[in-house]
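Hello,

Please find the structure we discussed below. My notes on its salt bridges follow.

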Amino acid sequence: MPRLVSKDDQCSGRLEVQYGETWGTVCDLAWDMDDASVVCSQLHCGEAVSVPRGAYFGKGTGIVRNDVFECKGNETSLWDCPRSLAILQCNHTSDVSVICSGECQLWKLIINKHSLFLEDRDEISHLLLSN
């Protein structure tokens with residue numbers, strides 16, 4: 001499970017990923033907006049806004065992973081993305097930073113006397129309730 005670490009909020013920060021019981025950072029040399037989109041979505045933080053370079057949210061500690069994530073942007077989890085190990089010369093000055101819109105993309109539930117609506121930005125589903 002990834003997490004974003006910053007002083008400001010939970011939807012922007014330095015990307016940290018857990019491997020077993022150890023948290024580490026990811027090298028930003030091969031990181032892009034498609035990768036960030038998956039993280040923002042997975043954390044229910046809206047859409048990816050930017051991926052500032054150079055440990056924008058400060059240097060992490062522990063290991064720096066050289067995983068190259070090759071997300072398309074529609075995966076549900078960072079671990080669903082294809083990835084490979086690269087020979088990247090990274091240290092904590094290259095920790096991935098992600099800024100998400102912070103707009104929760106969860107379903108909005110609307111209930112009235114006769115109907116139940118599940119609504120999101122693109123689709124409305126209508127389910128009839130039995131009396």
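**Salt bridges**

Arg83 and Asp67 form a salt bridge, with their closest N and O atoms 3.2 Å apart. The term means a side-chain nitrogen of Lys or Arg within 4 Å of a carboxyl oxygen of Asp or Glu. This pair links distant parts of the chain: Arg83 lies in strand E7 (residues 83–85) and Asp67 in strand E6 (residues 67–69), 16 residues apart. Helices (H or I, at least four residues) and strands (E, at least two) are DSSP runs, numbered from the N terminus.

This is a predicted model: local features need pLDDT of at least 70, side-chain atom pairs count only at pLDDT 80 or more, and totals for chains, interfaces and linings use all residues. Residues are numbered from 1 along each chain as its sequence is written, and side-chain values use heavy atoms, with hydrogens and water left out.

Is Asp67 buried or exposed? Asp67 is buried, at 6% relative accessibility. Arg83 is partly exposed, at 40%. Buried means under 20% relative accessible area, exposed over 50%, and partly exposed in between (1.4 Å probe, protein chains only).

Now to Glu16. Its side chain meets that of Arg3 in a salt bridge (2.8 Å, N to O). Here too the pair links distant parts of the chain: Arg3 is in strand E1 (residues 2–5), Glu16 in strand E2 (residues 12–19), 13 residues apart. Glu16 also pairs with Arg14, the closest N and O atoms being 3.1 Å apart. Glu16 is buried, at 8%. Arg14 is buried at 10%. Arg3 is partly exposed at 33%. Shared partners join Arg3, Arg14 and Glu16 into one network.

The count by this rule is four salt bridges.

Best wishes
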